[in-house]
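Hi there,

Here is the model I promised to pass on. Please have it open while you read my notes.

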Amino acid sequence: MIPTMNRRIDRKFFVGDALDIAPALLGMELVIPKNGLRESFIITETEAYRGEEDLACHARKGRTPRTEMMYQTGGVLYVYLVYGMHWMMNIVTGIQGSPQAVLLRGVNDIEGPGRLTRSLGIDKSYNGEDLDSSHRIWLERTNFNPPYKATPRIGIDYAGPVWKDKPWRFITEGRNLSGNYTTFS
DNA sequence: GTAACGATCCTC
DNA sequence: AGGATCGTTACA
């Protein structure tokens, strides 16, 4: 299966600041072909994790085997397990050596980062997958620019007063996205 | 080797 | 409110 012409998001987009990319992802289409059929989901909730200074970011302790992926050039996936049960799907952003990623927390109509990966079949095998060239997962542009709000990130109270309150979670506003957008196709 | 800790979700 | 469940990390 081939992404529809000119709509696929390429590497350039991902080699930027997680704080810009996280909200820009809202309304974009996540495409995952299944059994030769096109399955796609509109992104509705994201969170930015940016740099070793960000005490909520896994890279706060520097390079480790797990965080190595966050140091790569933007556009690859960073997938890891939390609480022994739930896969978390992140899109790495920034230039090589700058550890950043955007956590995908929700798509239309799946709320929650763990439910999202479970529904879409994302697991460890997607760690390092390249959104710029992969044939099993990629992003496409839409003409949908949903309104959104920014709030503190979820589940990172351990990060301390400065970092836990940064409004780096981005979530679309409005109940039912269905019918509120159209894709170019 | 040992132990503590989660970027969560489900059930009570 | 509490349990599930296990990879990652730090430390002895």
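This is a predicted model: local features need pLDDT of at least 70, side-chain atom pairs count only at pLDDT 80 or more; totals for chains, interfaces and linings use all residues.

Residues are numbered from 1 along each chain as its sequence is written, chains are lettered from A and ligands numbered from 1 in the order in which they are written, and side-chain values use heavy atoms, with hydrogens and water left out.

Let's begin with β5, residues 100-107, where eight of the eight residues are buried. Buried means under 20% relative accessible area, exposed means over 50%, and partly exposed is in between (1.4 Å probe, protein chains only). Helices (H or I, at least four residues) and strands (E, at least two) are DSSP runs, numbered from the N terminus. Two strands pair if DSSP finds at least two bridges between them.

Strand β2 (residues 40-50) runs antiparallel to β5, and seven bridges join them; Glu47, for instance, has Leu103 as its bridge partner. Strand β4 (residues 86-92) also pairs with β5 in the antiparallel sense, over three bridges, with Val92 opposite Ala101. Strand β6 (residues 110-111) is antiparallel to β5 as well, through two bridges, and Val107 stands opposite Ile110 there. β5 and β6 form a hairpin, with two residues between them.

**Helix α3**

Which residues of α3 (residues 113-120) are buried? They are Pro113, Gly114, Leu116, Thr117 and Leu120. Just after the helix, Gly121 takes a positive phi of about 75°.

**DNA strand B**

A residue is near a strand if one of its heavy atoms lies within 4 Å of it. DNA strand B is surrounded by 21 residues, the closest being His58, Asn90, Gly114, Arg115 and Tyr158. Sugar and phosphate make up 55% of the atoms of DNA strand B that come within 4 Å of the protein.

For polar contacts I used pairs of N or O atoms within 3.5 Å; within protein, one must be able to donate a hydrogen and the other to accept it, and residues adjacent in sequence count only if both atoms are side-chain atoms.

- Pro113: a backbone N or O atom lies 3.2 Å from a phosphate oxygen of DNA strand B.
- Arg115: a polar side-chain atom lies 2.5 Å from a phosphate oxygen of DNA strand B.
- Arg118: a side-chain N or O atom is 3.3 Å from a phosphate oxygen of DNA strand B.

α3 gives the most to the surface near DNA strand B, with four residues.

**DNA strand C**

DNA strand C has residues including Lys61, Arg66, Tyr83 and Lys124 around it. Of its atoms within 4 Å of the protein, 64% belong to sugar or phosphate and the rest to bases. A backbone N or O atom of Tyr83 lies 2.4 Å from a base oxygen of DNA strand C, while a polar side-chain atom of Arg66 lies 3.5 Å from a sugar or linking oxygen.

Best wishes
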